[in-house]
Amino acid sequence: MTQSFRLENVGLINRNKKLSFKFNGKVYYGYEGDTLASALIANGVHLVGRSFKYHRPRGFFGAGVDEPYAIVQLYRNGETEPNIKATEQELFEGLEATSVNCWPSVNFDIGAINNFLKIFLPAGFYYKTFMWPKSFWFKVYEPFIRKAAGLGVASIKHDKERYEHKYEYCDLLITGSGPSGLASAYSAAKNGARVILAEDKSRFGGTLLTSEVNIGNQSGKEWAESIISELKEMPNVTVKNRSQVFGYYDHNMLVMSERISDHLPKTKKFHPKQRLWYIRAKEVLISSGSIERPIVFGNNDTPGVMLSSAAKEYLKVYGVLVGKNPLIFTNNDSGYETAIEFQKNGINPIILDTRKDPKSEIVDEAKNLGINIKFSYVVVAAQGYKKVKSADIAKISEDKDQLGTVENIKCDCICVSGFWTPTIHLASQSGNKTKFKEDIDAFVPGKSKQNETTLGAANGTYTLEETLKNSFETGHKLSKEITKKDNKISFPNVIEKKSAVHDKFWCVPLPKGKNYKRFLDFQNDVAVSDIEIALKEGYRSIEHVKRYTTLGMATDQGKTSNLNGLQLVSKIENKVVPAVGHTTFRPPYSPVSIGAIVGREVGKHSKPTRKSPMHSWHEKNNAVFVDAGVWLRPRYYKQGNESLFEGSKREAKNVRTNVGVCDVTTLGKIDIKGPDAAELLNRVYTNAWLKLPVGKARYGVMLREDGIVMDDGTTTRISENHYHMTTTTAQAANVLSHLEYYLQLVWPELNVNVVSTTEQWAGAAIAGPKSRELLQKLFPKSDVSNEALPFMGYMEGDLFGVKARIFRISFSGELAFEVNVESDNGNFMWEKIMEVGQEFKIQPYGTEALSTLRIEMGHVAGSELDGRTIPYDNSLEGLLSKKKDFIGKRSLNREAFTAEDRQKVVGVVPLDKKTSIPEGSHLVKDSNAPLPNPKLGYISASCWSVEHDNPFSLAIVKDGKNMIGKKLFVMSPLKNKVIPVEIVSSHYVDPKGERVRS
Amino acid sequence: MLYIKCPHCGWRSQNEFSYGGDATVKRPELGKEVTDQEWNDFVYNRKSLRGKHWELWQHLSGCRQWIKVERDTATHEIFNTLKASEEIS
Ligand SMILES: [Zn+2]
């Protein structure tokens, strides 16, 4: 197919590079520098989709971010992405796109039947129509709506592309590279400020690319190019195209999405597809320009009806005619600029101007060019289904209420200009309370709330000279405050044509006997009649009207529809527009891909992975790893085809009979130093700490102020004023913050320093009856006998030339030691332990065996210290000092905490000694009691006792102290299990604790 | 994302900090007898103000100091930041 709507020698596209692409399966050609939209229009394609509600044919309405219609499903390099605006997607070789929202095809769409049933689909149709009968909802309505009304289809494949995040700081962030953006960036940059200039489109310059102006004896476009190339060379300036600043957040932080590779057939190696910038700016200059707004008339959604500024952009930037027989419908001079461009390129347009007799240079120029202009004329309705074929036009009375005789004229497109709406989204997001500007019929930013200033058309300033002047000055003034420099730019000479005032006309009345749909919101199919119904039904707040009718709620967020909607509401309500107010603007200004928001934090990068220094040894020895917070820990070391159950049982059994070694590097470690260290411990832990001798360890429990157990662990006195605290893996960070809180805020008089040393030490727990013999061989120079190193003792030793700390502590109930060496020596220590331990039949054991060993000895851990239990619940009440105060002590007097039947930890054994008990199951008295069956407690941890060779669990049970010996039932509705059990002591192994002291 | 001036390190983004609640709550002295009401007020009862509020933040991924921040809970405006040792005036 030929590009029959492409002009020769006009536009900024690269005609030397022809690109082929596919739309709905058909091959077309365009040029480098095209958008998908411009390339399709060049090929005469105007039907791109179907509307959301009525499935009416949809074409192109705009030429950029404001586009409400032309949304496509994009295929690129084996991936697919939904809801891409054809007006934003740059063309690349091999691009493929399809229409969305039509089924089975864009030319024959079953949903279009809605168009003929539209009487049934007025405002609030979701709320009303599908209410009755109720039974129809799931079977009929919902599937129908889902099939017929969806937008694009999200890919279910893993996205191979890379998205990155970047944090940046600058003096001035400038959003938009039109005249105000360029001028303010240039003057601020020349004054030494660090500037980021962001442009949403691929080309810099904004309206300067399409307007007939002269700045400093250059055309607007040439001036823009010279400024940009100079800015690009400046070291204090970052210039970014294809970058949309979409969100304005607290404290002048803005977020920008940079589309790095979307315009390429394939992302380059090691390049991201998109990058999200978090920019903290001292000052923000909003130079986002304005968006032309439509005039509302009958069938104004027909393909071929589009904004006049878009028609001009297609012509001047892309060399593309949106029609060869154009009708321009305008209430201001902008429509004339478009008409003049058509005329200059040999196309004869007709202008319908709602004004009676406007006088300006632009109007004169159009007259002089011989353009057919009809004053006081309007388009009553567009005619044609899939494309405009003609227009019904009529003269309109001065009061704009009466239409003259309706005539029909041939045309193939209708270019509409209803004046300009400032893009105030970012200003509004910043918290700026906007104000209504009477002379332009639109809202502009009011008083700044953050450090933001809005310039140019975004601020309702529509003349170039004034815009440039303000922008140069603002750029200079703001940069001067930051850099204290005072380099001023000389103001260039500006030549532009003066405009006449616009006509505040926005909606064409219906001719007698006609009921044309007049659309306000083109993406969500909200028509004038829908707003009228909503107001008739009593909706008043604009926020409610918006939600009831879905006006402005589509992916374009009402960029072209909001203001006309407000005009209508204010007209019906007989209020002024500012009294109606606009709905809240929220980020993102324009849709952002989920990938960009997530960035690199996907899959295994969603959190850091921490590995112990012995990790590679574990890997080489068939460890199966498990996540423990951010750590990876061996769960068990697989031998042959062993299951987790078999492997962990073997490892635990070996600890009970010979000796095992476990990597305990992940335990939290805090180094505590200072003359008041003992006093700190005495206040933080529930038991007494003032008399712990040097070279001794003690077990301690710490509470929160509300009396709930926070953590437990051992702390060792290394020397007079030096302690080594251990915490659980999970609570390590919280405990450090907790200590810092009390030292810095509550008891600053205590002379103590705390620092995390978790990563500085590698730890190995050596446990089992043969552990002392092994230890003696590891430390031949030290006396590790029961007398020299008793239970809870500590000493330093020499591990084949490596300095080591030896703690006699036990988590398994066996005779056990923990050896710590500096992390770099961790692997050396581990290999030595394994090598020397061979003769004692040593085996490494993982977290599963570790759990088994602690459960069967009744040692409480994370699943009991779960943020809901107090010391008594965990049978730790013996550690509560009566002689001193400590954090949380006062809370333990609470009535519920001292109740006679308070919950307590117990052991649970199934009566058949075979059935495993699922963790989280409930304990009940009577398994057949009617629901809700009163719950006595819950299973906190389960294991297979290697000592007794039967299942054993810990549970927290109401009145636990009186439950020992009772027969209850464990119920797990999840696993559908009912297990008769007996309650026993939680100390299932060595209840007197003789082994640890042996 | 808030921008908080740590009195020790300077301006830093919110994601380096963790929130620590009302900075005006005073812990009863250790060993001192307190009524249930006083203890409840210390542990649980907070005003949840709309407007200016002195609160604690810890510069967790920075200097690890707890600091006092005067912030408007509705607008997020920050008026003042103090070191832990400095008294709220
Ligand atoms: Zn700091």
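Predicted model: local features only at pLDDT ≥ 70, side-chain atom pairs only at ≥ 80, totals over all residues.

Now, which atoms coordinate the zinc ion? B:Cys63 gives its SG. B:Cys6 and B:Cys9 give their SG atoms too, and B:His59 gives ND1. The distances run from 2.0 to 2.3 Å. Look at B:His59 next. Is it buried or exposed? Its relative accessibility is 0%, so B:His59 counts as buried.

What geometry does the zinc site have? It is tetrahedral, with angles of 103 to 113° among the four donor atoms. Along the chain, the donors follow the spacing C-x2-C-x49-H-x3-C.

On to the rings. A pair of aromatic rings is described by two things, the distance of the centres and the angle of the planes. How many aromatic pairs does the structure hold? Over all chains, there are 25. Take A:Tyr69 and A:Phe522. Their ring centres are 5.5 Å apart and their planes meet at 80°, so this pair is edge-to-face. The pair links distant parts of the chain, 453 residues apart. A:Tyr69 sits in the loop between strands S4 and S5 of chain A. A:Phe522 sits in the loop between strands S30 and S31 of chain A. Both A:Tyr69 and A:Phe522 are buried.

Here is another pair, A:Trp617 with A:Tyr637. It is edge-to-face, at 6.1 Å centre to centre, with 65° between the planes. A:Trp617 lies in helix H17 of chain A and A:Tyr637 in strand S33 of chain A, so the pair ties together parts that are 20 residues apart in sequence. A:Trp617 is buried, with a relative accessible area of 11%. A:Tyr637 is buried as well, at 4%.

There is also a ring cluster. Ring pairs link A:Tyr741, A:Tyr742, A:Trp747 and B:Trp66.

Now for empty space. Rolling a probe the size of a water molecule over the atoms shows where such space is left. How many cavities of 30 Å³ or more are there? The count comes to six. The largest cavity holds about 170 Å³ of space. It is lined by 18 residues. Nearest its centre lie A:Thr421, A:Pro422, A:Asn562, A:Leu563 and A:Phe585. Which elements supply at least two residues of this lining each? Strand S25 and helix H14 of chain A do. H14(A) gives the most, with four residues. By type, the lining divides into seven nonpolar, nine polar and two charged residues.

Next, helix H8 of chain A, residues 334-344. Nine of its 11 residues are buried, so H8(A) is largely enclosed by the rest of the structure. Among the buried ones are A:Tyr336, A:Ile340, A:Glu341 and A:Phe342. After H8(A) comes A:Gly346, whose phi is positive, near 80°.

Key:
Residues numbered from 1 in each chain as written. Chains lettered and ligands numbered in written order. Heavy atoms only, no water. Donors = N, O, S within 2.8 Å, 3.2 Å for Na, K, Ca; no water. Tetrahedral: all angles 85-135°; square planar, octahedral: opposite > 155°, others 65-115°. Buried < 20%, exposed > 50% of the residue type's maximum accessible area, 1.4 Å probe, protein only. 1 Å grid on protein atoms, 1.4 Å probe; cavity = no way out; pocket = protein on both sides within 12 Å on 5 of 7 lines; lining within 4 Å. Points joined across faces, edges and corners; volume = space filled by probe spheres on them. Nonpolar A, V, L, I, M, F, W, Y, C, P; charged D, E, K, R; others polar. Phe/Tyr/Trp six-rings, centres within 6.5 Å; stacked < 30°, edge-to-face > 60°.
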